[in-house]
Amino acid sequence: MNTEQPLTADTFLAGLWRENPVFVTVLGMCPTLAVSNSVLNALAMGLATTFVLIGSGALVSLLRNVIPRAVRIACYIAIIATFVTVVDYLIQAISLRLYQALGAFIQLIVVNCIILGRAEAYASRHPPLASMINAAGNGLGFTLALLCLGTVRELLGSGSLLGIPLLGPQFAPWVIMLLPPGGFFVLGGWLLLFNWRQRKQGVKIPVAEVHRHGA
Amino acid sequence: MAPDALPRIFLDAMLINNFVLALFLGICPFLGVSTQIRTALPMGLATAFVMLISSLCAYGINALLLWLGLPFLRLISYIVVIAAAVQLVEMFVKKTSPTLFRALGIYLPLITTNCAILGLALFQTLREYDLPQSLAYSLGAGLGFTLALVLMAGMRARLALVSVPRISQGAALGLLLAGMLSLAFMGFAGLGGQ
């Protein structure tokens, strides 16, 4: 993929759905599982990650002819860590409560494989605008996946959405959904759903690729 | 036991708040390398070793940065130290066991982006552990990670011999298994007497 692809709507849409980073390429599992216990947390985490993706995508792309190939990964990580530090302080300034709810996971955006993956596979080979659009697509795809998980977990785990009770007082919350096993089960369920849909459409499940990536 | 006693911190990191199964850190190698016990065990030990080194370095760096008044450089310095420690382990494994080096493949350099390690450094800073406490914490976390990896590898080795529905092959099945393991580990929650 050394040739630059033309800028099309697919630059944006690929990451959003067809190559969704969570459901299709199974990257960035840790934050996906950890902060998806409520819709608000999921949304904040998704947007923070999107910001870092776009920012680092733009910078990596601008510097793509300056950075020597041998030390590129170290350079990418330094760039990503810079943007994460910015987001970390930004969220702390906007809402301390949200900051405490997300905890160390904001700083852990640094080691989210989606971001390094995009920097290596896309931004280092494409001009800044295309990289930013691609990053935005992937970031929103990640946010979408987090929301898918967050909605199920919050609805079943506390019977509410965005803190608004929906299922009435007689609903007994499934506490397990808010606990760690719930995260694994719900994501496993969504992956089953995606695999089933892909099989119905006759797309071969990339089992080998899933094994290689892990998360 | 006081919450900051060394055995308590050790057990807490290893079993009660297991990094993989309760805190969702390091899911990446957990799903990726846990197909055979033969590779899961060395991978776990390599990660535990990197954890120990980075925990020590992170403690020193944090003290230095606080003294210099530059706490916003913490994240960048931590990740650099971890990358260096991983490089060290990689050279060591390559030299002592080329077979193992090939078996671990891409997952060895990827220890750098294992969030369990950065998470460990960040958590110990957040909780303001002193040096012995940090060491107990990182030892517990490393052993807990190894334990989770080996348990998962054992389960997967058995599953490799049975037929499962096509749609649940790969990551989906791994996640459901991890969910059950995580459920089992929740039984340790009462261990600390909290």
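Figure 1. Among contacts in chain A between residues at least 6 apart in sequence, 76% link residues at least 24 apart. Keep in mind as you look around that this is a predicted model. Chain A has nine helices and two strands, and reading along the sequence gives you the pattern α-α-α-α-α-α-α-β-β-α-α. Its radius of gyration is 18 Å, close to the 17 Å that the globule rule gives for 215 residues, so chain A is as compact as a globular protein of that length. Along its principal axes, the C-alpha trace of chain A spans about 60 × 50 × 30 Å. Of the 215 residues in this chain, 48% count as buried.

**Figure 2. A look along helix α7 of chain A.** This helix covers residues 128-158, which makes 31 residues. From its first C-alpha to its last it reaches 43 Å, close to the 45 Å expected at 1.5 Å a residue. Is α7(A) enclosed by the rest of the structure or left open? Count the buried residues: 22 of the 31 are buried, so α7(A) is largely enclosed by the rest of the structure.

**Figure 3. Inside the largest nonpolar core.** This core has 112 residues. Which of them touch the most other members? They are A:Cys30, A:Ile80, A:Val110, B:Ile27, B:Ile117, B:Leu118 and B:Leu149. Helix α3 of chain A (residues 39-62) supplies the largest share of the core, ten residues. Now zoom in on A:Ile80: leaving aside its neighbours within four places in sequence, A:Ile80 is in contact with A:Val52, A:Ser56, A:Val110, A:Ile115 and A:Leu116.

**Figure 4. Where chain B meets chain A.** The contact takes 36 residues from chain B and 38 residues from chain A. On the chain B side, the elements that give two or more residues are α2 (27-32), α4 (74-96), α6 (115-126) and α8 (171-185). Helix α8(B) gives the most to this side, with eight residues. Sort the chain B residues that touch chain A by type and you get 26 nonpolar, nine polar and one charged.

**Figure 5. Chain B on its own.** With 194 residues, a compact globule would have a radius of gyration near 16 Å, and the 17 Å of chain B agrees with that. The C-alpha trace of chain B spans about 60 × 45 × 25 Å along its principal axes. Of its 194 residues, 45% count as buried. Among contacts in chain B between residues at least 6 apart in sequence, 81% join residues at least 24 apart.

**Figure 6. Two loop residues of chain B with a positive phi.** Most residues other than glycine have a negative phi. B:Phe24 isn't a glycine, yet its phi is positive, about 55°. You can find B:Phe24 in the loop between α1 (6-16) and α2 of chain B. B:Glu128 isn't a glycine either, and it has a positive phi of about 55°. Look for B:Glu128 in the loop between α6 and α7 (131-159) of chain B. Which of these surroundings is buried and which exposed? B:Phe24 is buried, with 28 other C-beta atoms within 10 Å, while B:Glu128 counts as exposed, with 10 C-beta neighbours inside 10 Å.

Terms used
Residues are numbered from 1 along each chain as its sequence is written. Chains are lettered from A and ligands numbered from 1 in the order in which they are written. This is a predicted model: local features need pLDDT of at least 70, side-chain atom pairs count only at pLDDT 80 or more; totals for chains, interfaces and linings use all residues. Two residues are in contact if their C-beta atoms, placed from the backbone, lie within 7 Å. Helices (H or I, at least four residues) and strands (E, at least two) are DSSP runs, numbered from the N terminus. Ala, Val, Leu, Ile, Met, Phe, Trp, Tyr, Cys and Pro count as nonpolar, Asp, Glu, Lys and Arg as charged, and the others, Gly among them, as polar. The radius of gyration is taken over C-alpha atoms; the globule rule is 2.2 Å times the number of residues to the power 0.38. A residue is buried if 20 or more other C-beta atoms lie within 10 Å of its own, exposed if 12 or fewer, and partly exposed in between; C-beta atoms are placed from the backbone. The expected span of a helix is 1.5 Å times one less than its number of residues. A nonpolar core is a set of buried Ala, Val, Leu, Ile, Met, Phe, Trp, Tyr and Cys residues joined through C-beta atoms within 7 Å.
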